[in-house]
Amino acid sequence: MSEDQARQDGVRRRSFVAGALGITAAASTGGVLSGCSASEAAVGASPDSLSAPAAQLGAKKAGINYPPGYVGPVAREQRAIVTEPVTFTLVVPQNLTVGDWSKNAFTHWMQQQTGIRIEFRQVAGNGDDPETMTKVNAMMAAGDIPDAFLGITFTRSQLYLYGAQNLFVDLDPYLDKYAPNLQSALKDYPEARKLMVSPDKSIYSFPDLNDCYHCRASNGRTFLNTDWIRKVGLSMPTTTGEFRELLTAFKRADPGGRGRTVPFAGFKDAPLDTYFMNAFLYNPGDPWLVVNDGKVEANYVKDEWREALKYLRGLYADGLLNKDVFTADQDQMNRYGNNPGAPVIGGARAYYWGSFLTIDQTDPNARWHQYATVPPLEGPNGTRYAAWDYLKVGVEVSTLVVTRKCRRPDLLVRWADFQLDLEAVLRSYAGPDFRWSVKGDKGINGKQSIYGFDSTWNSDATKGKTWDQYGVMYRSGDFRLSERVDPRKATFESPLYTQTRDQQFPYKQPLELQFPPVTLEADQAAQDAEIGLNLKGEVTTSLAKFVTGKLDPSDDRQWRDYTDRIGRIGLRPYLEIQQAAYETYQG
C-alpha cells in the first residue's frame with residue numbers, strides 16, 4: 001500500500017484535521033472497570049507489579065499461504081487479555097478517515113478480541129506542527145494526562161525528556177514478558193531496537209515497525225513523461241547534461257500546445273534539492289546532515305552544493321522549470337498534472353504519481369502510466385546517488401506512549417502487542433474488507449501473496465473502519481509486497497515497487513553516510529531547536545533565491561555572504577550538538 005507516499009506528498013496520512021482548539025473527550029461506555037482502579041485484581045496482578053502471566057505466541061492460524069522465506073507478521077490464535085472489561089484513557093488525533101474513534105470498526109474489533117476498552121480523548125491540530133505539542137505540553141504541565149498517547153508525534157528528544165522526568169513509563173521491563181509479537185519482530189529486524197532506546201537505555205514508546213521499500217527512496221523520486229521523450233526522439237536521461245538537453249527539447253517541441261508546455265514541474269512540498277543535488281554530493285534533504293568518516297557535516301555550505309545551485313539556476317533561467325516551483329502547493333501541482341485534454345508537464349519532482357495527478361487505476365490508458373521514474377543523474381564529477389533512507393522509515397518511535405498515570409502498563413503493552421498480529425495489522429490500516437489469498441495468487445513482487453483488498457486504502461469505503469496508520473503495526477518488507485495483485489485491475493503498487501528497485505536502489509549511498517535519528521539531551525534539544533529552525537529558514541530561502549536569480553551562485557561575494565550568514569546563525573555549535581548525539585547513538 002502506498003499510503004506512506006500520501007503522508008509525504010502534502011496530504012499527510014498522519015495529519016490532524018483542523019477543528020476546535022483543545023481536547024474533546026469521546027463518550028465512554030458505561031459499566032466497565034477503570035484501568036487505574038482497584039478492580040485490576042480481575043486480571044490476576046497487582047497494579048504495581050509484573051506478576052501477571054507472561055504472554056506467549058499462539059499457534060499459527062491454518063489456511064493462510066505465506067511465500068517461501070517470508071519474514072513478517074503472522075496470523076495466530078490469540079486470547080483475550082483480561083477476563084473482565086478494563087478501560088484506559090488514550091489521547092489520539094482527530095482524523096477524518098478514523099472518524100469517531102469510539103465508534104470505529106477496528107476499535108470495536110479490538111475491544112471484542114482483547115476485553116480492553118478505550119476511552120478516547122481527541123486533540124485537534126497538525127501532528128507535525130508545534131501547535132499539537134503546545135497542547136500536549138500544556139496537558140502535561142497541568143497534570144491532565146491520560147493513561148497513554150496514541151499517534152501523537154513526540155520526537156525522540158521529547159520522549160527522553162518526559163521519560164527522564166518520570167512522566168513516561170520505561171516499557172523495557174515489560175517487553176520481554178508481555179510483547180511476544182514485538183520480540184519476534186525484533187528478531188526479524190535486530191537493528192530496530194537500537195532506534196527505540198533512549199540515551200538512558202530506557203524505551204519510552206511501543207514502536208511501529210514499517211519497512212516500506214519504495215518509501216526509502218521517495219524523498220528524491222522524480223518522473224518524466226515517456227510519451228514526450230519518444231516524441232522528441234531522445235531517451236531517458238542518465239546525466240545532468242542529458243536531462244537539460246531533454247527539457248530543452250520539450251520546450252522547443254511544445255507538446256503541451258500553444259506555449260503551455262512546462263518542461264519540468266515541482267512544488268514546495270517536494271524539494272528539488274533531494275533529487276538534483278545528489279548528482280553533485282550525497283544529499284538526504286532537511287536537515288542536510290551527512291556523516292563523513294565519523295564526522296557530522298552540513299551539505300549546504302560545500303562547494304558541491306554551490307555547483308548544484310548553478311545547475312538549477314541554469315534550468316530555471318532557461319524556462320525549463322515552472323516559475324512557481326518554490327511556491328506552488330498541492331492544488332496547483334494537480335492542476336499541472338490533470339490539465340484537461342493533454343498533459344502540459346514533461347516531468348515532476350514528486351513522491352509518487354498521486355503527488356501531481358489523479359491516479360485512475362481502472363483505465364489502462366490513464367495519464368499516470370505515461371510518467372516513469374527517472375534514475376539518479378550523474379553529475380559532471382561522476383557523482384550519482386539515490387538518497388536511500390536506511391533508518392528513519394523503519395521505526396516510528398512515538399506510536400504508543402504510556403504515562404505514569406497508568407497503573408497497569410503491562411496491560412497496555414499486551415494490548416499494543418496484540419496489534420502486531422497479521423490479522424490485526426490488516427484490519428488496523430486497511431479495514432475488515434480483506435481476503436486471504438489462495439495458492440498461486442501473486443503479490444507485488446511476483447511471489448505468493450498472502451492477502452488482498454476489496455477496496456483501496458484511500459477510498460471512502462475505508463472511512464470509519466481503520467485507524468489510518470495511527471495504531472501499532474508491524475509491516476515488514478515481505479508483508480507489504482505480499483499484497484495480492486489482480487492482473488485485470490493493475491494498481492500503481494507494482495510499478496512503484498519495480499521502478500524503485502530498478503531505477504533507484506542500485507544507486508543508494510553507503511549506509512555509513514546517513515546521519516541517524518539521534519536523541520538529544522534536554523539542554524542540547526533547546527539549542528538544537530532554535531538554531532536548527534533558523535538554519536532551515538536560511539537554507540530554504542537562499543536555495544529559492546539562488547535558483548530564481550535573486551542571488552547569483554556564481555558570484556563569489558554573494559556565496560560568501562550566504563555562508564557567513566549560516567555561520568552567524570550558529571552552524572558550528574549546531575554541528576557540535578549533532579556530533580555529540582551521533583557518538584552517543586553509536587555507543
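**From labels to values**

Guide: Gladly! In this predicted model, strands β10, β7 and β11 make an open sheet in that order, with antiparallel pairing. β10 (347-349) and β11 (371-373) are its edge strands. Neighbouring strands here are turned by 25° against each other on average, direction ignored.

Visitor: What makes β10 (347-349) and β11 (371-373) edge strands?

Guide: Each of these strands pairs on one side only.

Visitor: How do you know that β7 and β10 pair?

Guide: Pairing takes at least two bridges between the strands. Strand β7 (residues 222-225) and β10 have three bridges in the antiparallel sense, so they count as paired. One example is Thr222, whose bridge partner in β10 is Arg349.

Visitor: Why is Ala372 called buried?

Guide: Buried means under 20% relative accessible area. Ala372 has 17%, so the word applies. This residue lies in strand β11.

Visitor: Which residues is Ala372 in contact with, leaving aside its neighbours within four places in sequence?

Guide: Contact requires heavy atoms within 4.5 Å. With those neighbours left out, the partners of Ala372 are Thr222, Phe223, Leu224, Thr226, Met236 and Gln499. As for Met236, it sits 136 residues from Ala372 along the chain, yet their C-alpha atoms are separated by 9.3 Å.

Visitor: What makes β8 and β9 a hairpin?

Guide: Two residues lie between these strands, and β8 (residues 289-292) runs antiparallel to β9 (residues 295-298), joined by four bridges. Pairing needs at least two bridges, so this pair qualifies. Leu289, for instance, has Ala298 as its bridge partner in β9. In the turn, Asp293 has a positive phi of about 55°.

Visitor: How do you know that the span of helix α11 is close to the expected one?

Guide: The expected span is 1.5 Å times one less than the number of residues. Helix α11 (residues 303-317) has 15 residues, and 21 Å is expected. From first C-alpha to last, α11 reaches 21 Å, so the span is close to that expectation. After the helix comes Gly319, with a positive phi near 75°.

Visitor: Which residues of α11 are buried, and what covers them?

Guide: The buried ones are Trp305, Arg306, Ala308, Leu309, Tyr311, Leu312, Gly314, Leu315 and Tyr316. Their cover includes α9 (240-253), α10 (273-276), α17 (522-548) and α18 (556-569).

Key
Residues numbered from 1 in each chain as written. Predicted model: local features only at pLDDT ≥ 70, side-chain atom pairs only at ≥ 80, totals over all residues. Heavy atoms only, no water. Axes fitted to C-alpha atoms, helices over the stretch in contact; angles between N-to-C directions. Buried < 20%, exposed > 50% of the residue type's maximum accessible area, 1.4 Å probe, protein only.
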